[in-house]
There are 2 protein chains.
Amino acid sequence: MKRAEVSRATLGRIPSYLEYLKNINRHTGNISATTLAKELGLGEVQVRKDLGAVSGAGRPKTGYPVEQLIEELEAFLGCGKKRDNVVIVGAGKLGRALLDYSGFADYGLEIAAAFDVAVEEKLWSNSGKPIYPMERFDDFCKEHPVKIGIITVPAAQAQQVCDRLVQNGIQAVWCFAPCALCVPPEIPVQYENMALSLAYLNKKID
Amino acid sequence: MKRAEVSRATLGRIPSYLEYLKNINRHTGNISATTLAKELGLGEVQVRKDLGAVSGAGRPKTGYPVEQLIEELEAFLGCGKKRDNVVIVGAGKLGRALLDYSGFADYGLEIAAAFDVAVEEKLWSNSGKPIYPMERFDDFCKEHPVKIGIITVPAAQAQQVCDRLVQNGIQAVWCFAPCALCVPPEIPVQYENMALSLAYLNKKID
């Protein structure tokens, strides 16, 4: 697999390539970037660039072998890998919405569990995911290969939760609390500022 | 008020300027961009640019009059204006999380109500916001100046909901369903793809 740095936009289109390819007859053998672009309503240059970042199998004139391209796109998204490496801290409405959100599977991701200080014993979410008391957190991280922590606690508790994540070897943080976190420089933090998204949309029509 | 197009990043910093200014003694009279930058840990050039986009009151040497700057920042964010112009369709966990999220107030925004086909009579959210049956939607839009619609229904229902929003004169759409919507060209749509955000973070540490 080619290891180019891919943009967020490219990553966003990969599930739609994969969905399209899986729905056509695989025995068609090859598919060209031109055909894919036309079928998905995308620019041809864009499709070539996207696929080139993920697969080295494209050939002039013949295009990409469909079976191989599917495998490469799946490998890129990490489909099939065991993916119990994401946890949520904060099992309020937002935390539970994320825990039960089915769209992560398109990217080969699955959230393993949620944790909350207000939970006294293990609960199950609507989709059957475990929600544990926060006391279980350190042990859970020892028993599972947790890599990403999602913070959905109020801003006032976010730093404390973040420190706990870092102490437990988390490698990346996705933060929904409206605050700025202090983390070691090697740990990427992605902030999801809901209010800012709405404010920005509002400004567009102001 | 100066009407420059502001970036999302600038917009994101405005609440922190406002919070800082409101917490200092307003009788200090003036404040310089240099002081603000130092106090908030931001670059001086950035602060000058941000404030310049919102206020024309800054003067070399003397800086910005604090009272006036507060007013201009507030006006920019629309604080104080009646803001019952945002509605949610889809009162599942995510819809209700957004409905009760208090962070919108930092940007002078408030969500007026949520609607859901599965709701049979008016309910109240935890924070006291109304959740109506979907049948009430058209009437609500006639009675309120609804400008922004938030879509938190499953992807399969999103286009139908979007059409209903557009029929009722909505001016912008914020879509959490993982799909592409068809809307008239003058209506901005902002997509919030939760799965993509997590996938992107995951790729960073892959």
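Student: What makes E5(A) and strand E6 of chain A a pair, and in which sense do they run?

Tutor: This is a predicted model, in which local features need pLDDT of at least 70, side-chain atom pairs count only at pLDDT 80 or more, and totals for chains, interfaces and linings use all residues. Residues are numbered from 1 along each chain as its sequence is written, and chains are lettered from A in the order in which they are written. Two strands pair if DSSP finds at least two bridges between them; E5(A) and strand E6 (residues 130-133) are joined over two bridges, in the antiparallel sense. Ile131(A) in E6(A) is the bridge partner of Leu123(A).

Student: Why are strand E5 and strand E9 of chain A said to stand at the edges?

Tutor: The open sheet has the order E5-E6-E4-E3-E7-E8-E9 in chain A, with mixed pairing. Strand E5 (123-124) and strand E9 (189-191) of chain A each have a single partner strand, so one side of each is left without a neighbour in the sheet.

Student: Which residues of helix H3 of chain A are called buried?

Tutor: Buried means under 20% relative accessible area (1.4 Å probe, protein chains only), and in helix H3 (residues 44-54) of chain A the term applies to Val47(A), Asp50(A), Leu51(A), Gly52(A), Ala53(A) and Val54(A).

Student: How do you know how chain A and chain B are related?

Tutor: Copies are superposed by least squares on the C-alpha atoms of residues with pLDDT of at least 70 in both. Chain A can be laid on chain B with an RMSD of 0.1 Å by a turn of 180° and a shift of 0.0 Å along the axis; the two copies are therefore related as by a two-fold rotation axis.

Technical notes:
Heavy atoms only, no water. Buried < 20%, exposed > 50% of the residue type's maximum accessible area, 1.4 Å probe, protein only. Helix = DSSP H or I, 4+ residues; strand = E, 2+ residues; numbered from the N terminus.
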